[in-house]
Amino acid sequence: MHYSEEFLATQKAALLESKSELEAELAGIASFDESAGVYVATQPDLESGSPEEFDQSSDETEIGQTNQALIVNASKSLEDVNDALAKMESGEYGVCESSGEFIGEDRLRAYPAARTCEEHSSAS
Ligand SMILES: [Zn+2]
């Protein structure tokens, strides 16, 4: 095993926390469509108006953004988290999906569900 037990335990705790947060977020705005395997909006015109939730990444969090976009983002994140947890079970946690090399611990601390190393990240 490449990473220490302690590091993996910390990462697993972070992943499980993200998982429950994402599931709670999705539960509020969507329901899981078992046949399609995706989350679908339950309240398309829900007002998510909480002005104090303004944050820095304003280009992504415009008021009036549809729930569908939130659902897509949250379910994608949830998928990343679930995959990371599955990899932890199989001993493949932290392996870059592009290069097959181990991802640096600093990056994993920042992004516990990272699929790739910094170099191969397409999300930046
Ligand atoms: Zn890589």
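I began with burial: of the 124 residues of the protein, 15% count as buried. For this I took a residue as buried if 20 or more other C-beta atoms lie within 10 Å of its own, exposed if 12 or fewer, and partly exposed in between, with C-beta atoms placed from the backbone.

The model is predicted, and local features need pLDDT of at least 70, side-chain atom pairs count only at pLDDT 80 or more, and totals for chains, interfaces and linings use all residues. Residue numbers start from 1 along each chain as its sequence is written.

Next I looked up the secondary structure and found 3 helices and 2 strands, in the order α-β-β-α-α from the N terminus. Helices (H or I, at least four residues) and strands (E, at least two) are DSSP runs, numbered from the N terminus.

I then checked contacts, meaning two residues whose C-beta atoms, placed from the backbone, lie within 7 Å. Of the contacts with a separation of 6 or more, 55% are accounted for by residues 24 or more positions apart.

Helix α1 covers residues 5-29, 25 residues in length. From first C-alpha to last I noted 36 Å, close to the 36 Å expected at 1.5 Å a residue; the expected span is 1.5 Å times one less than the number of residues. Its buried residues are Gln11, Leu15 and Leu22, and the buried residues of α1 pack against α2 (67-90) and α3 (105-110).

Last, I looked at Asn67, which lies in helix α2. Asn67 is partly exposed because 19 other C-beta atoms lie within 10 Å. Asn67 and Ala41 are 26 residues apart in sequence, and their C-alpha atoms are 6.8 Å apart in space.
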